[in-house]
Amino acid sequence: MRTYELHASFKQIKRADGRSSVAASAYRSASRQIDERTGEISDYTRKAGVERSALFAPEGSPEWALDRSQLWNAVEQKENRKNSMVARELEIGFPAEFNQQQRLEAGRAIALQLVKKHGVAVDVCWHTPRKDGDHRNHHAHILFTGRAIHAEGWEKKKYRDFNNDMIEVDGIKTTTGKQTVKEWRLDVADTFNQIARRDGLEVTTEHRSFEERGLERVPTIKLGFGASQMEKRGIRTERGNLNRRIKVFNLAVTERIKQSQLAKEIIRGKEKFRQKFANYKKERALQHELELQRGKERESVGQQEWEIARRQTRRRDRGLER
(Lines give C-alpha, C1' and ligand atoms only; values in the text may rest on other atoms or scores of the structure.)
Protein backbone atom coordinates (compact mmCIF):
# COMPACT_ATOMS: atom_id res chain seq x y z
CA MET A 1 0.00 0.00 0.00
CA ARG A 2 1.55 3.29 -1.10
CA THR A 3 1.30 6.38 1.11
CA TYR A 4 0.56 9.58 -0.80
CA GLU A 5 1.76 12.70 1.01
CA LEU A 6 -1.12 15.12 0.53
CA HIS A 7 -0.57 18.30 -1.48
CA ALA A 8 -3.29 20.76 -0.49
CA SER A 9 -2.34 24.41 -0.09
CA PHE A 10 -4.43 27.53 0.50
CA LYS A 11 -3.53 30.85 -1.13
CA GLN A 12 -5.01 34.35 -1.30
CA ILE A 13 -5.68 36.43 -4.41
CA LYS A 14 -4.95 40.00 -3.26
CA ARG A 15 -5.44 43.26 -5.13
CA ALA A 16 -2.49 44.69 -3.21
CA ASP A 17 -0.30 42.18 -5.09
CA GLY A 18 -1.62 43.48 -8.41
CA ARG A 19 -3.83 40.46 -8.89
CA SER A 20 -7.42 40.11 -10.02
CA SER A 21 -9.91 37.30 -9.45
CA VAL A 22 -11.10 37.71 -13.06
CA ALA A 23 -7.57 37.17 -14.41
CA ALA A 24 -6.95 34.28 -12.00
CA SER A 25 -10.13 32.55 -13.13
CA ALA A 26 -9.37 33.15 -16.83
CA TYR A 27 -5.88 31.63 -16.48
CA ARG A 28 -7.05 28.55 -14.57
CA SER A 29 -10.00 27.88 -16.90
CA ALA A 30 -8.10 28.76 -20.12
CA SER A 31 -10.81 31.28 -21.04
CA ARG A 32 -11.11 34.89 -22.19
CA GLN A 33 -12.50 37.33 -19.64
CA ILE A 34 -12.70 41.10 -19.31
CA ASP A 35 -12.25 42.78 -15.95
CA GLU A 36 -15.04 45.35 -16.08
CA ARG A 37 -13.51 47.30 -13.21
CA THR A 38 -10.21 47.97 -15.01
CA GLY A 39 -11.02 47.10 -18.63
CA GLU A 40 -8.12 44.59 -18.65
CA ILE A 41 -8.57 41.62 -21.00
CA SER A 42 -7.26 38.22 -19.89
CA ASP A 43 -7.16 35.82 -22.84
CA TYR A 44 -5.80 32.35 -22.11
CA THR A 45 -7.84 30.46 -24.70
CA ARG A 46 -4.62 29.06 -26.22
CA LYS A 47 -3.52 27.62 -22.89
CA ALA A 48 -3.42 23.82 -22.86
CA GLY A 49 -3.81 21.37 -19.99
CA VAL A 50 -7.29 22.21 -18.64
CA GLU A 51 -9.08 18.88 -18.32
CA ARG A 52 -12.44 20.21 -17.07
CA SER A 53 -13.94 23.20 -15.25
CA ALA A 54 -17.14 23.75 -13.27
CA LEU A 55 -18.83 26.26 -10.95
CA PHE A 56 -20.78 25.58 -7.75
CA ALA A 57 -22.82 27.90 -5.53
CA PRO A 58 -25.25 27.60 -2.60
CA GLU A 59 -28.81 26.62 -3.46
CA GLY A 60 -30.93 29.66 -4.29
CA SER A 61 -27.97 31.83 -5.33
CA PRO A 62 -28.44 34.37 -8.16
CA GLU A 63 -27.99 32.99 -11.68
CA TRP A 64 -24.86 35.08 -12.25
CA ALA A 65 -23.10 33.07 -9.51
CA LEU A 66 -22.86 30.15 -11.96
CA ASP A 67 -21.46 32.26 -14.81
CA ARG A 68 -17.68 32.50 -14.56
CA SER A 69 -17.25 36.00 -15.98
CA GLN A 70 -20.24 37.48 -14.14
CA LEU A 71 -19.25 35.87 -10.86
CA TRP A 72 -15.71 37.20 -10.68
CA ASN A 73 -16.65 40.62 -12.03
CA ALA A 74 -19.27 40.80 -9.28
CA VAL A 75 -16.50 39.97 -6.82
CA GLU A 76 -14.25 42.72 -8.18
CA GLN A 77 -17.11 45.25 -7.91
CA LYS A 78 -17.98 44.18 -4.36
CA GLU A 79 -14.41 44.11 -3.02
CA ASN A 80 -13.66 47.75 -3.83
CA ARG A 81 -10.76 48.51 -1.46
CA LYS A 82 -7.29 48.89 -2.94
CA ASN A 83 -5.97 46.15 -0.63
CA SER A 84 -8.96 43.80 -0.85
CA MET A 85 -8.56 40.04 -0.69
CA VAL A 86 -10.71 39.20 -3.72
CA ALA A 87 -10.58 35.39 -3.66
CA ARG A 88 -9.05 32.35 -2.02
CA GLU A 89 -7.61 29.32 -3.73
CA LEU A 90 -7.23 25.71 -2.65
CA GLU A 91 -4.77 23.86 -4.86
CA ILE A 92 -4.87 20.07 -4.55
CA GLY A 93 -2.82 17.29 -6.12
CA PHE A 94 -4.45 13.93 -6.81
CA PRO A 95 -2.89 10.51 -6.11
CA ALA A 96 -1.29 9.11 -9.27
CA GLU A 97 -3.53 6.03 -8.90
CA PHE A 98 -6.69 8.10 -9.59
CA ASN A 99 -8.19 8.01 -13.09
CA GLN A 100 -10.03 10.93 -14.68
CA GLN A 101 -13.42 9.98 -13.25
CA GLN A 102 -12.02 9.64 -9.73
CA ARG A 103 -10.25 13.02 -10.01
CA LEU A 104 -13.43 14.74 -11.19
CA GLU A 105 -15.45 13.10 -8.41
CA ALA A 106 -12.96 14.16 -5.74
CA GLY A 107 -12.81 17.75 -7.02
CA ARG A 108 -16.61 18.07 -7.08
CA ALA A 109 -16.92 16.62 -3.58
CA ILE A 110 -14.39 19.09 -2.15
CA ALA A 111 -16.04 22.02 -3.96
CA LEU A 112 -19.44 21.09 -2.55
CA GLN A 113 -17.93 20.83 0.94
CA LEU A 114 -16.60 24.40 0.53
CA VAL A 115 -20.06 25.58 -0.53
CA LYS A 116 -21.67 23.86 2.45
CA LYS A 117 -19.13 24.95 5.09
CA HIS A 118 -18.54 28.57 4.06
CA GLY A 119 -21.54 29.42 1.86
CA VAL A 120 -19.25 30.51 -0.99
CA ALA A 121 -19.30 30.28 -4.78
CA VAL A 122 -16.60 27.93 -6.10
CA ASP A 123 -14.79 27.77 -9.46
CA VAL A 124 -12.96 24.46 -10.02
CA CYS A 125 -10.50 23.74 -12.83
CA TRP A 126 -8.89 20.32 -13.25
CA HIS A 127 -5.41 20.47 -14.84
CA THR A 128 -3.35 17.76 -16.50
CA PRO A 129 0.45 17.53 -16.05
CA ARG A 130 2.72 19.63 -18.24
CA LYS A 131 4.18 17.72 -21.18
CA ASP A 132 7.66 18.55 -19.94
CA GLY A 133 6.79 17.95 -16.27
CA ASP A 134 5.96 15.13 -13.91
CA HIS A 135 3.36 12.93 -15.65
CA ARG A 136 1.77 12.17 -12.26
CA ASN A 137 0.99 15.82 -11.51
CA HIS A 138 -2.78 15.81 -12.04
CA HIS A 139 -4.16 18.64 -9.90
CA ALA A 140 -7.03 21.07 -9.45
CA HIS A 141 -7.25 24.80 -8.76
CA ILE A 142 -10.28 25.60 -6.62
CA LEU A 143 -11.04 29.34 -6.49
CA PHE A 144 -13.70 30.45 -4.03
CA THR A 145 -15.13 33.78 -2.99
CA GLY A 146 -14.04 35.68 0.10
CA ARG A 147 -17.57 36.12 1.36
CA ALA A 148 -20.71 34.01 1.41
CA ILE A 149 -23.45 34.39 -1.18
CA HIS A 150 -27.21 33.91 -0.90
CA ALA A 151 -30.41 34.62 -2.84
CA GLU A 152 -30.19 38.41 -2.31
CA GLY A 153 -26.50 38.55 -3.29
CA TRP A 154 -23.39 38.92 -1.15
CA GLU A 155 -23.23 38.47 2.61
CA LYS A 156 -22.60 41.81 4.31
CA LYS A 157 -19.55 40.60 6.25
CA LYS A 158 -16.80 38.24 5.14
CA TYR A 159 -16.49 34.90 6.92
CA ARG A 160 -13.55 34.76 9.32
CA ASP A 161 -12.70 31.07 9.14
CA PHE A 162 -9.26 31.75 7.61
CA ASN A 163 -8.41 34.83 9.70
CA ASN A 164 -5.68 35.15 12.33
CA ASP A 165 -8.03 35.32 15.33
CA MET A 166 -6.36 33.62 18.31
CA ILE A 167 -8.09 30.51 19.65
CA GLU A 168 -7.19 27.54 21.84
CA VAL A 169 -7.63 23.95 20.66
CA ASP A 170 -6.93 21.07 23.06
CA GLY A 171 -4.96 23.43 25.27
CA ILE A 172 -2.75 24.67 22.39
CA LYS A 173 -2.90 28.25 21.18
CA THR A 174 -3.42 28.67 17.45
CA THR A 175 -5.42 30.79 15.00
CA THR A 176 -8.76 30.18 13.33
CA GLY A 177 -6.98 30.18 9.96
CA LYS A 178 -4.45 27.51 10.92
CA GLN A 179 -7.14 25.36 12.50
CA THR A 180 -9.39 25.73 9.43
CA VAL A 181 -6.55 24.73 7.08
CA LYS A 182 -5.75 21.74 9.31
CA GLU A 183 -9.37 20.60 9.23
CA TRP A 184 -9.55 21.08 5.46
CA ARG A 185 -6.43 18.99 4.88
CA LEU A 186 -8.09 16.20 6.86
CA ASP A 187 -11.30 16.57 4.81
CA VAL A 188 -9.41 16.41 1.49
CA ALA A 189 -7.45 13.33 2.63
CA ASP A 190 -10.67 11.65 3.81
CA THR A 191 -12.29 12.32 0.43
CA PHE A 192 -9.34 10.74 -1.40
CA ASN A 193 -9.23 7.76 0.97
CA GLN A 194 -12.97 7.07 0.68
CA ILE A 195 -12.68 6.89 -3.11
CA ALA A 196 -9.53 4.74 -2.92
CA ARG A 197 -11.13 2.26 -0.48
CA ARG A 198 -14.33 2.07 -2.48
CA ASP A 199 -12.50 1.37 -5.73
CA GLY A 200 -9.85 -0.94 -4.25
CA LEU A 201 -6.86 1.29 -5.01
CA GLU A 202 -3.52 0.49 -3.34
CA VAL A 203 -2.94 4.02 -2.03
CA THR A 204 -3.70 5.88 1.17
CA THR A 205 -3.48 9.66 1.52
CA GLU A 206 -1.74 11.08 4.59
CA HIS A 207 -2.54 14.71 5.51
CA ARG A 208 -0.30 14.99 8.58
CA SER A 209 3.22 16.34 8.42
CA PHE A 210 6.27 14.15 9.10
CA GLU A 211 6.67 15.91 12.44
CA GLU A 212 3.06 15.25 13.48
CA ARG A 213 3.56 11.57 12.65
CA GLY A 214 6.79 11.37 14.64
CA LEU A 215 8.91 10.75 11.52
CA GLU A 216 12.44 12.09 11.24
CA ARG A 217 12.15 12.80 7.51
CA VAL A 218 12.44 16.30 6.08
CA PRO A 219 9.95 17.46 3.40
CA THR A 220 11.39 18.65 0.10
CA ILE A 221 10.70 22.18 -1.12
CA LYS A 222 8.80 23.16 -4.25
CA LEU A 223 11.13 23.82 -7.19
CA GLY A 224 8.86 26.19 -9.06
CA PHE A 225 8.55 26.40 -12.85
CA GLY A 226 11.84 28.20 -13.52
CA ALA A 227 14.05 25.95 -11.39
CA SER A 228 12.22 22.87 -12.66
CA GLN A 229 12.94 23.79 -16.28
CA MET A 230 16.61 24.45 -15.50
CA GLU A 231 16.93 21.10 -13.73
CA LYS A 232 15.39 19.35 -16.75
CA ARG A 233 18.06 20.93 -18.96
CA GLY A 234 20.74 19.61 -16.65
CA ILE A 235 21.40 22.93 -14.91
CA ARG A 236 21.68 22.47 -11.17
CA THR A 237 19.85 25.00 -9.06
CA GLU A 238 20.10 25.94 -5.40
CA ARG A 239 16.63 24.55 -4.72
CA GLY A 240 17.41 21.38 -6.63
CA ASN A 241 20.65 20.91 -4.68
CA LEU A 242 18.77 21.37 -1.40
CA ASN A 243 16.16 18.78 -2.42
CA ARG A 244 18.90 16.34 -3.39
CA ARG A 245 20.51 16.72 0.05
CA ILE A 246 17.11 16.24 1.69
CA LYS A 247 16.52 13.06 -0.32
CA VAL A 248 19.93 11.65 0.68
CA PHE A 249 19.14 12.42 4.33
CA ASN A 250 15.69 10.84 4.11
CA LEU A 251 17.15 7.71 2.47
CA ALA A 252 19.66 7.42 5.30
CA VAL A 253 16.86 7.82 7.86
CA THR A 254 14.75 5.23 6.04
CA GLU A 255 17.67 2.78 5.99
CA ARG A 256 18.30 3.37 9.68
CA ILE A 257 14.62 2.78 10.42
CA LYS A 258 14.72 -0.44 8.40
CA GLN A 259 17.79 -1.60 10.33
CA SER A 260 16.08 -0.70 13.59
CA GLN A 261 12.95 -2.59 12.56
CA LEU A 262 15.08 -5.59 11.56
CA ALA A 263 16.81 -5.51 14.94
CA LYS A 264 13.44 -5.37 16.68
CA GLU A 265 12.22 -8.33 14.61
CA ILE A 266 15.35 -10.32 15.53
CA ILE A 267 14.87 -9.51 19.21
CA ARG A 268 11.18 -10.46 19.00
CA GLY A 269 12.20 -13.71 17.25
CA LYS A 270 14.72 -14.53 19.97
CA GLU A 271 12.20 -13.81 22.70
CA LYS A 272 9.64 -15.95 20.93
CA PHE A 273 12.15 -18.80 20.65
CA ARG A 274 13.14 -18.44 24.33
CA GLN A 275 9.52 -18.55 25.39
CA LYS A 276 8.85 -21.54 23.18
CA PHE A 277 11.92 -23.35 24.59
CA ALA A 278 10.89 -22.47 28.16
CA ASN A 279 7.40 -23.88 27.50
CA TYR A 280 8.99 -27.00 26.02
CA LYS A 281 11.15 -27.47 29.14
CA LYS A 282 8.09 -27.07 31.38
CA GLU A 283 6.19 -29.65 29.35
CA ARG A 284 9.13 -32.10 29.49
CA ALA A 285 9.51 -31.60 33.26
CA LEU A 286 5.78 -32.21 33.74
CA GLN A 287 5.91 -35.31 31.55
CA HIS A 288 8.91 -36.63 33.51
CA GLU A 289 7.09 -35.98 36.77
CA LEU A 290 4.07 -37.90 35.49
CA GLU A 291 6.25 -40.81 34.39
CA LEU A 292 7.90 -40.93 37.82
CA GLN A 293 4.50 -40.88 39.47
CA ARG A 294 3.26 -43.70 37.25
CA GLY A 295 6.44 -45.68 38.04
CA LYS A 296 5.89 -45.26 41.74
CA GLU A 297 2.27 -46.34 41.35
CA ARG A 298 3.34 -49.43 39.37
CA GLU A 299 6.01 -50.22 41.98
CA SER A 300 3.46 -49.85 44.77
CA VAL A 301 1.01 -52.19 43.00
CA GLY A 302 3.81 -54.73 42.43
CA GLN A 303 4.87 -54.59 46.09
CA GLN A 304 1.30 -55.20 47.19
CA GLU A 305 0.92 -58.20 44.84
CA TRP A 306 4.25 -59.62 46.07
CA GLU A 307 3.17 -59.21 49.72
CA ILE A 308 -0.13 -60.99 49.02
CA ALA A 309 1.68 -63.85 47.25
CA ARG A 310 4.19 -64.14 50.14
CA ARG A 311 1.40 -64.38 52.70
CA GLN A 312 -0.39 -67.00 50.65
CA THR A 313 2.84 -69.03 50.43
CA ARG A 314 3.37 -68.86 54.20
CA ARG A 315 -0.20 -69.93 54.86
CA ARG A 316 0.17 -72.79 52.43
CA ASP A 317 3.42 -73.87 54.09
CA ARG A 318 1.66 -73.91 57.40
CA GLY A 319 -1.07 -76.16 55.89
CA LEU A 320 -3.70 -73.47 56.10
CA GLU A 321 -4.23 -73.36 52.35
CA ARG A 322 -4.19 -76.07 49.72
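1. A pocket, as the word is used here, is an open set of grid points, on a 1 Å grid over the protein atoms alone, with protein on both sides within 12 Å along at least five of seven lines. In this predicted model, the second largest pocket holds about 230 Å³ of space.

2. The lining of the second largest pocket is made up of Q12, M85, R88, G146, K157, K158, Y159, R160, F162, N163 and N164. By residue class, that lining divides into three nonpolar, four polar and four charged residues.

3. Helix α1 (residues 21-29) and helix α2 (residues 68-78) have axes that come within 8 Å and cross at roughly 155°. Because angles over 145 degrees count as roughly antiparallel, α1 and α2 are therefore described as roughly antiparallel to each other.

4. The contact of these two helices brings S21, V22, S25 and S29 of α1 against R68, W72, N73, V75 and E76 of α2. The residues of this contact of α1 with α2 comprise three nonpolar, four polar and two charged.

5. Across the whole structure, a search finds 15 salt bridges, and one of them joins R28 to E89, with the closest N and O atoms 2.7 Å apart. This pair links distant parts of the chain, since R28 lies in helix α1 and E89 in strand β6 (residues 85-93), 61 residues apart.

Technical notes. Residues numbered from 1 in each chain as written. Predicted model: local features only at pLDDT ≥ 70, side-chain atom pairs only at ≥ 80, totals over all residues. Heavy atoms only, no water. Axes fitted to C-alpha atoms, helices over the stretch in contact; angles between N-to-C directions. Helix = DSSP H or I, 4+ residues; strand = E, 2+ residues; numbered from the N terminus. Parallel < 35°, antiparallel > 145°, perpendicular 65-115°, else oblique. Contact = heavy atoms within 4.5 Å. Nonpolar A, V, L, I, M, F, W, Y, C, P; charged D, E, K, R; others polar. 1 Å grid on protein atoms, 1.4 Å probe; cavity = no way out; pocket = protein on both sides within 12 Å on 5 of 7 lines; lining within 4 Å. Points joined across faces, edges and corners; volume = space filled by probe spheres on them. Salt bridge = Lys/Arg side-chain N within 4 Å of Asp/Glu carboxyl O.
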